[in-house]
Amino acid sequence: MKVFDRKKDEITSVSKFLELNDSRFYTSEENAGKWLFRGESKFDYKLKPSIGRLLGNKSFTSKEKLFTFEKSAFNEFRISSYHELRETNLFILLAVAQHHGLKTRLLDWTFSALVALFFAVENDSHSDIDGAFIAFQSQFSFNNHPQNSNSPFDLED
């Protein structure tokens with residue numbers, strides 16, 4: 001991963017952002033991967049899902065305790081939302097649960113650089129802190145992977 005922390009890479013306006021976006025995050029025949037983006041309001045933020053940020057606090061001193069809590073919280077969400085959602089795909093339900101505030105193992109990414117920029121600057125309480133704009137170019141197709149499991153909790157670390 002490249003970190004662009006030179007003064008000339010500093011994003012100070014939307015026009016500067018669009019200029020950097022056009023010059024760095026393009027796709028061509030030679031460079032065919034799909035770009036994914038994420039914005040963070042703090043530059044030193046580590047890419048860690050919300051459930052993983054709980055590990056090490058007083059309640060969750062081990063991965064096993066955290067995993068048990070995660071499955072229990074998800075099952076509670078699943079039961080309480082069943083009549084409204086009637087979703088049977090647990091992967092989709094986990095994404096819905098995350099957007100309803102459940103701490104999950106998912107980490108949101110977007111195909112839109114502008115959406116990521118929004119998340120990097122939206123938090124007014126961090127206006128005196130540099131944010132981070134994260135870009136990743138995947139060489140893989142999306143949604144073409146065979147699903148060997150019916151539950152996101154059956155997958156290995």
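Author: R105 is partly exposed, with a relative accessible area of 27%; partly exposed denotes the range between buried, under 20% relative accessible area, and exposed, over 50%, with a 1.4 Å probe and protein chains only. The model is predicted, so local features need pLDDT of at least 70 and side-chain atom pairs count only at pLDDT 80 or more, whereas totals for chains, interfaces and linings use all residues. Residues are numbered from 1 along each chain as its sequence is written, and side-chain values use heavy atoms, with hydrogens and water left out.

R105 forms a salt bridge with E70, with 2.7 Å between the closest N and O atoms; the term requires a side-chain nitrogen of Lys or Arg within 4 Å of a carboxyl oxygen of Asp or Glu. This pair links distant parts of the chain, 35 residues apart: R105 lies in the loop between α3 (90-99) and α4 (113-121), and E70 in helix α2 (residues 63-85). Helices (H or I, at least four residues) and strands (E, at least two) are DSSP runs numbered from the N terminus. E70 counts as buried, at 6% relative accessibility.

The whole structure contains two salt bridges. E40 and R38 form one of them, their closest N and O atoms being 2.6 Å apart. E40 is buried at 10% relative accessibility, and R38 is buried with a relative accessible area of 13%.

Strand β1 (residues 34-40) has six of its seven residues buried, so the rest of the structure largely encloses this strand. Seven antiparallel bridges pair β1 with strand β2 (residues 132-138); pairing requires at least two DSSP bridges between the strands. W35 has Q137 as its bridge partner in β2.
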